[in-house]
Amino acid sequence: MLVLLDGDSRAKPRSRTCLYVYFGCVRPLLENWTATRGHLREITVTDVTAVLSPLRG
């Protein structure tokens, strides 16, 4: 999220509105994890890959 906001050597900074739209796509996924996991450390790379694979952009 910070790279989107601040930009980096390969990407221009995005607006805060853009950040809210992108985060809005993943927020439900994070909320589902909070309901089923006791700690952030329980989320694996496989979990992240599985939920992000259908998203575009």
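**Stop one: a salt bridge from loop to helix**

Select arginine 37, which counts as partly exposed because its relative accessibility is 26%; buried means under 20% relative accessible area, exposed over 50%, and partly exposed in between (1.4 Å probe, protein chains only). The model is a predicted one, in which local features need pLDDT of at least 70 and side-chain atom pairs count only at pLDDT 80 or more, whereas totals for chains, interfaces and linings use all residues. Residues are numbered from 1 along each chain as its sequence is written, and side-chain values use heavy atoms, with hydrogens and water left out.

Arginine 37 forms a salt bridge with aspartate 47, with 3.1 Å between the closest N and O atoms. Arginine 37 lies in the loop between H2 and helix H3 (45-52), and aspartate 47 in helix H3, so the pair ties together parts that are ten residues apart in sequence. A salt bridge here is a side-chain nitrogen of Lys or Arg within 4 Å of a carboxyl oxygen of Asp or Glu. Helices (H or I, at least four residues) are DSSP runs, numbered from the N terminus.

**Stop two: a salt bridge within H2**

The structure holds two salt bridges. For the other, select glutamate 31 and arginine 27, whose side chains meet at 3.0 Å, N to O. These residues are separated by about one helical turn because they are four residues apart in helix H2. Glutamate 31 is partly exposed, with a relative accessible area of 41%; arginine 27 is also partly exposed, at 46%.

**Stop three: the course of H2**

Select residues 16-36, which make up helix H2. At 1.5 Å a residue, the 21 residues of H2 should span 30 Å, and the end C-alpha atoms are 30 Å apart, which agrees; the expected span is 1.5 Å times one less than the number of residues. Where does H2 bend? The bend, about 35°, is at valine 26, and proline 28 follows within four residues. This bend is the angle between axes fitted to the seven residues ending there and the seven starting there.

Select Cys18, Leu19 and Trp33, which are buried in H2. The cover over the buried residues of H2 includes helix H1 (2-6) and H3. Finally, select cysteine 25, which lies in helix H2 and counts as partly exposed at 44% relative accessibility.

Definitions and conventions: Helix = DSSP H or I, 4+ residues; strand = E, 2+ residues; numbered from the N terminus. Contact = heavy atoms within 4.5 Å.
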